Amino acid sequence: MLSGARALAVPVLLVLALEEQRTAFAWVLIPALLSDVLDGWIARAFRLESRIGAALDSAADSLMLFVSVFGVWVFHPEVIREHAWLCGIAVGLWALEDVLALLRYRRLSSFHTCLSKLVANLLGLFIGWLFLFGFEPWLLYLAAGASIVASLEELALLKVLKEWRADVRGLWWVLRERN
């Protein structure tokens, strides 16, 4: 339900950004970002994990990333302009992994690696902080740097895992399983 609500928040956020409603955008965005932290924890704690849930979570995550970046572009364009190379690499690698997963598995990867979970929290912290308190460069570097490393790990997982598999802890664990 939380992943579905997050996905449904995306068009609302898009309209709010297009209408330049910064405060309303932040009030919808921040709970949506927090729901990403909660939904996985709730699913694991109450044994509600499912393949459909993992796929919906991945779709909601990708949509939220892009609408969040669009919101940053609309309301804080200086951040993206001044750090275009870093933002471009981070978002580009995320999008590349999504496209390659769709081509390989005909669905998003839904790996939910340990690193990607950390990145979701860091990006949520950066974006939430940006909208509530202002720009902190170190948060951007930390979140984007971790995002780049996580995307590279997921690209490697796409190469290693011939068949789709959700909720993979990470490349190290997959390689250890193979040996």
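Visitor: Which residues does Ser 62 touch, not counting residues up to four places away in sequence?

Guide: This is a predicted model in which local features need pLDDT of at least 70 and side-chain atom pairs count only at pLDDT 80 or more, whereas totals for chains, interfaces and linings use all residues. Residues are numbered from 1 along each chain as its sequence is written, and side-chain values use heavy atoms, with hydrogens and water left out. Ser 62 is found in helix H3 (residues 51-75), helices being DSSP runs of H or I with at least four residues, numbered from the N terminus. With contact meaning heavy atoms within 4.5 Å, Ser 62 touches Trp 94, Asp 98 and Leu 108.

Visitor: Is Ser 62 buried or exposed?

Guide: Buried means under 20% relative accessible area, exposed over 50%, and partly exposed in between, with a 1.4 Å probe and protein chains only. Because its relative accessible area is 7%, Ser 62 is buried.

Visitor: Which helix gives the most to the lining of the largest cavity?

Guide: A cavity is a set of points, on a 1 Å grid over the protein atoms alone, where a 1.4 Å probe fits but cannot get out, and lining residues have an atom within 4 Å of a point. The largest cavity has a volume of about 210 Å³, a volume being the space filled by probe spheres set on grid points that are joined across faces, edges and corners. Of the 15 residues that line this cavity, the closest to its centre are Val 69, Cys 87, Val 91, Leu 123 and Leu 140. The helix that gives the most to the lining, with 4 residues, is H5.

Notes. Helices (H or I, at least four residues) and strands (E, at least two) are DSSP runs, numbered from the N terminus. On a 1 Å grid over the protein atoms alone, a cavity is a set of points where a 1.4 Å probe fits but cannot get out, and a pocket is an open set with protein on both sides within 12 Å along at least five of seven lines; lining residues have an atom within 4 Å of a point.
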